[in-house]
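Dear colleague,

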Amino acid sequence: MHRVDIHSHILPGVDDGAASIEETLAMLQGAKQAGFEAVIATPHLKRIDADINRIREAYQSAKPLFAAQGLDLYLGFECHYRLLLDWQPAALRPFCLGGGNVLLLEFPWNGLPLQWERSINELQKVGLEIVIAHPERYAPVQADQSIAVRMVQIGCELQLSAGSLTGGLFSKERVCALGLLKAGLIHYLASDAHGAADYPAYAWVNTKYGHLISGGALLNTFGDQV
Ligand SMILES: [Fe+2]
């Protein structure tokens, strides 16, 4: 089994994740200790005018450092829904995880767009598979678990962020995350790490709740085109 962290802000200086190469290296060690064999770096992609080249350069520079430690590094993006306001669905393909056809999609946290189902359908029609980033952080899902059921029904996979389970005992995202896990709706547990402390937190969450993940954490078919 090839254990892959499918959501991590591990690249230095490209978003609100690792601030320096030193922090990236500390995260790399944490990822190894947490048992990952590969990490997909998923910087935020929220704006059409984002500096993609800078992200690709950061990835190319980091990749050999990971290889030297026996860890595969892939590039993907955490694509925000708002990109679809400017781009056609097919234009998101280059930003899929590891150069494949799986898109990590983030929605606004405070409210799903009215046409969210139709948008997912349009992405699927151009051949993209959708993994929804941290549904437990979206207010409508916190209020109504059936929205997550609907996401799975229309063919999406759901990715839980480990940090959602390390906050306050009764935080809305923690309560929601536990509900989704117990309902068997979560396909991937990812670190969504923004710093070195997030990997030990992931390891703790994985030990405690990893058995509730339904079939995820097995992604070994990535290309490496990006
Ligand atoms: Fe993220």
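This is a predicted model: local features need pLDDT of at least 70, side-chain atom pairs count only at pLDDT 80 or more; totals for chains, interfaces and linings use all residues.

Residues are numbered from 1 along each chain as its sequence is written.

A residue is called buried if 20 or more other C-beta atoms lie within 10 Å of its own, exposed if 12 or fewer do, and partly exposed in between, with the C-beta atoms placed from the backbone.

Strand β6 covers residues 102–106, and because 5 of its 5 residues are buried, the strand is largely enclosed by the rest of the structure. V102, L104 and E106 point one way from β6, while L103 and L105 point the other way, and all are buried.

Two strands are said to pair if DSSP finds at least two bridges between them. Strand β5 (residues 78–80) pairs with β6 in the parallel sense over 3 bridges, and E106 in β6 is the bridge partner of H80. The pairing of β6 with β7 is also parallel, over 4 bridges, and here L104 stands opposite V131 in β7. Between β6 and β7 the chain crosses through helix α3 (residues 116–125), in a right-handed β-α-β crossover; right-handed means that, with the strands pointing away from the viewer, the path from the first strand over the helix to the second runs clockwise.

Most residues other than glycine have a negative phi. H134, however, has a positive phi of about 30° although it is not a glycine; this residue is in the loop between β7 (129–133) and α4 (139–143), and is buried, with 24 other C-beta atoms within 10 Å. D192, likewise not a glycine, has a positive phi near 45°; D192 lies in the loop between β9 (188–190) and α7 (198–209) and counts as buried because it has 24 C-beta neighbours inside 10 Å.

Q145, in the loop between α4 and α5 (146–153), counts as partly exposed, with 16 C-beta neighbours inside 10 Å. Leaving aside residues up to four places away in sequence, Q145 touches G179, L180 and A183, where contact requires C-beta atoms, placed from the backbone, to lie within 7 Å.

With kind regards

Definitions and conventions
Helices (H or I, at least four residues) and strands (E, at least two) are DSSP runs, numbered from the N terminus. Two residues are in contact if their C-beta atoms, placed from the backbone, lie within 7 Å.
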